Amino acid sequence: MSVTAAKGFTAAGIAAGIKENGNPDLALVVNTGPRRAAAGVFTSNRVKAAPVLWSQQVLTTGELAAVVLNSGGANACTGPQGFQDTHATAEKVAEVLSARGTEIGAGEVAVASTGLIGLLLPMDKVLAGVEKAAGELSEHGGEKAAIAIKTTDTVHKTSVVTKEGWTVGGMAKGAGMLAPGLATMLVVLTTDADVDSENLDTALRGATKVTFDRVDSDGCMSTNDTVLLLASGASGITPAPEEFTEAVRAVCDDLARQLIGDAEGASKDIRIEVINAATEDDAVEVGRSIARNNLLKCAIHGEDPNWGRVLSAIGTTRAAFDPDQLNVAINGVWVCKNGSVGEDRDLVDMRYREVTITADLSAGSESAVIWANDLTADYVHENSAYSS
């Protein structure tokens, strides 16, 4: 049930007419309490969509009562009118929920949008859609909400972790424009644990650092990335901070893997593990460089264990290493040893969906994992045949 798996939440997903194809395109998630604690992380792109700017502003209070999300339009690069439209959407959510007995203000409503950049949303449809979604709110509405936020996603993405007496659930959208600084993703996480906003923020930032921030599909950073974590406190249980952070991380990790698995046009999921680095930052930098090497991504698509392209990617970084001590394995076969030819590359079996690249820097004891995917003709078609 994704975002409604935790007690204290209702959700809905409906077709408001924002998308021309008539598919579901507006979701509403409501925290019915008793607590309304919240935290969020957003794109690090300097060009930020109006909903990101709004949601960052309202989250300064550490409380949210509702989140409204739309697909079919990003409301990014739309000037003052776009921000006014975001404000109007939040006002509408507050109005219809207050009329139904949940007294809230617009400053307790986060807004998230996804779709084509540079177009104003059809506000008559958005506002009517909010009214319709409010009428369909349900404790079983999590799946419909997840479906409503899809864009080029082929499947909706949900995850739940249940502990003794409390739960963390979540939904995500994202299939392209995936790069660190989050991705072109909208994520809503919910929990019925009794956790304040400060601890929510700590848990969320710790989780996203090693999950969503290490998904790098195509090296492109979105203007709309939003990850929100809401706590209702409905379980009455306050878990240990470490246990809570681990549960949030597990949900984020599952959703991040689903994002990579549904990446536009991909035929391979690539797990890039950098080991024996001098620092974790070095490991992450090397992993991202490998993930963004288009020549390597094409080779992986062609099932060619071209380790030379891995070395060339490592060589563009500032990480500490000796070129003559680099080792590279592809699917467990050490095809490069000490910066030169290693085991027979014909031993590498690349027939399956997941490909593992291990880069050993021989410079320390730190490590990091980055997830990427191959570069295919289908990806080019997806991003050239129509606006997305």
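Predicted model: local features only at pLDDT ≥ 70, side-chain atom pairs only at ≥ 80, totals over all residues.
H2 passes H3 in a right-handed crossing.

Which residues of H2 and H3 meet? From H2 come Asp 85, Ala 88, Thr 89, Lys 92, Val 93 and Val 96. From H3 come Met 123, Val 126, Leu 127, Val 130, Glu 131 and Ala 134. Sorted by class, this contact holds 8 nonpolar residues, 1 polar residue and 3 charged residues.

Now turn to the salt bridges. The model has 18 salt bridges. Start with Glu 280 and Arg 214. Their side chains form a salt bridge, with N and O 2.6 Å apart. Glu 280 sits in helix H7 (residues 280-291). Arg 214 sits in the loop between helix H5 (197-209) and strand E9 (226-231). The two residues are 66 residues apart in sequence, so their bridge ties together separate parts of the chain. Arg 214 counts as buried, at 8%, because the cut-off for buried is under 20%.

Helix H7 also takes part in another bridge, through Glu 285. Glu 285 pairs with Arg 318, and their closest N and O atoms are 3.4 Å apart. Arg 318 lies in the loop between helix H9 (307-314) and strand E11 (327-330). This pair links distant parts of the chain, 33 residues apart. Arg 318 is exposed, with 73% relative accessibility. Glu 285 is partly exposed, with 23%.

Next comes Arg 345, which forms a salt bridge with Asp 304. Here the closest N and O atoms are 2.2 Å apart. Where do the two residues lie? Arg 345 is in the loop between strand E13 (340-341) and strand E14 (354-360). Asp 304 is in the loop between helix H8 (294-301) and H9. The partners are 41 residues apart in sequence, so this bridge also ties together separate parts. Arg 345 is partly exposed at 34% relative accessibility. Asp 304 is partly exposed too, at 24%.

Some salt bridges share partners. Lys 92, Glu 95 and Glu 131 are joined this way into one network. This leads back to the helix pair: Lys 92 of H2 and Glu 131 of H3 are among the residues in the contact between the two helices.

Technical notes. Residues numbered from 1 in each chain as written. Heavy atoms only, no water. Salt bridge = Lys/Arg side-chain N within 4 Å of Asp/Glu carboxyl O. Helix = DSSP H or I, 4+ residues; strand = E, 2+ residues; numbered from the N terminus. Buried < 20%, exposed > 50% of the residue type's maximum accessible area, 1.4 Å probe, protein only. Left-handed = near helix turned anticlockwise from the far one by under 90°. Contact = heavy atoms within 4.5 Å. Nonpolar A, V, L, I, M, F, W, Y, C, P; charged D, E, K, R; others polar.
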